[in-house]
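Q: Please take a close look at the aromatic residues of this model and at the core and helix packing around them.

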Amino acid sequence: MMSSFVPGLELSRNFYEQVVQPMVADVPHSAALIGAGSEVLAFDTERSTDHDWGPRVVLFVAPETAGALRTSITAALPATFGGYPTAFGDGHGIQVTGPSAWLTERLGFDPLAQISALDWLSTPWQRLAEVTRGEVFHDGLQVLEPTRSALRWYPGDLWRYVLACQWRRLAQQEAFPGRCGEVGDDLGSAVLTASLTRDLMRLALLMRRRYPPYAKWLGSAFTRLPGTAEIGQALSGALAADGWRERQHHLGRAYERVAQMHNRLGLSRPLETTTRGYYQRPFEVIDGLRFADALTEAITDPWVRALPPLGSVDQFGDSTDLLTCPRRCRAVTRAALEGH
């Protein structure tokens, strides 16, 4: 039986063109599907429609006109569109707002002004993806496209810094799956392998200039990256392996492929990409600290080079209640950088 599911991005684009745009034709505005929702990152499926689902548009207008426009739209909105209700959750699918207010609420700062290092490092990757992905349907205010362009990716030195911190995370644990396995802790070895797998997937996404999404969609985002099939196969093998030596073999294959990706980026001097022994122990590692150090050496801005090796808030914070609150993200990141 054929599914009638329409991806949310297509549904919302049609909703804007057929319903919303005629309502606001005389009002200067910008309109987009950005922000929260699996459809913004194109990960939605029919399963997504079971709650808070329907055609959605974020409508940006001058703040002084938002209230009256919100009232008139609510009164004129049809009950359904494309077979889906236009009212769901706590309201309907059209959010009317000023651009600066919406961006500050989502990100914790207004990117229409200058973007600081604190802004970049305190903003979770998921939030950056939510603003730079999705689709702009109309940009009459000429604010969305410049904003999305400015946030598309880290400035060069901050990119090196974030990558260096991700390599450092690998370096801190890469010998541990073998050590746990050697003392008979196979469960601990498996847990650490899963942790390293997550960090490698995030590293590959960061190398390809993709903001890693939150946990539910990390695997989907990684598998859509071109040229990462071999890394994915190696990581799947490591997770399915029976015993630490087999895990080490598969992780080693993944390390070497990611190291080759690093050299192709040209962000630092080239490095040897084969695994090597860990002191006198029978563990094979890539020695991620080599890559972290090389990237740090390549940073030209002395202020960025001297930052503590913590990285983005995603790299040192792992609480949903932190990463979904811009105010908290900025507070902990500011504290982490304090004195620098």
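The account below moves from the aromatic pairs to the core and then to helix packing.

A: This is a predicted model, in which local features need pLDDT of at least 70, side-chain atom pairs count only at pLDDT 80 or more, and totals for chains, interfaces and linings use all residues. Residues are numbered from 1 along each chain as its sequence is written, and side-chain values use heavy atoms, with hydrogens and water left out.

A search of the whole structure finds 14 aromatic pairs (rings of Phe, Tyr and Trp, the last by its six-membered ring, with centres within 6.5 Å; planes under 30 degrees apart count as stacked, over 60 as edge-to-face and the rest as tilted). One of them joins F60 and W102 edge-to-face, at 5.5 Å centre to centre and 90 degrees between the planes. This pair links distant parts of the chain, 42 residues apart: F60 belongs to strand β2 (residues 57-60) and W102 to helix α3 (residues 99-107). Helices (H or I, at least four residues) and strands (E, at least two) are DSSP runs, numbered from the N terminus. Both F60 and W102 are buried (under 20% relative accessible area, with exposed over 50% and partly exposed in between; 1.4 Å probe, protein chains only).

W244 and F283 also pair edge-to-face, with 5.5 Å centre to centre and 80 degrees between the planes.

An aromatic cluster is formed by W120, W153, Y154, W159 and Y211. R209 lies over the face of W159, 5.4 Å from the ring centre (CZ of Arg or NZ of Lys within 6 Å of the ring centre and within 35 degrees of the ring normal). Beyond its neighbours within four places in sequence, Y154 is in contact with W120, W125, L128, W159, V162, Y211 and S312 (heavy atoms within 4.5 Å).

Y154 is also among the residues that touch the most other members of the largest nonpolar core, together with L59, L158, Y161 and W167; this core has 92 residues (buried Ala, Val, Leu, Ile, Met, Phe, Trp, Tyr and Cys joined through side-chain atoms within 4.5 Å). Its largest share, nine residues, comes from α7. Helix α7 (156-173) is also one of the elements against which the buried residues of α13 pack, the others being α12 (244-265) and β9 (276-278).
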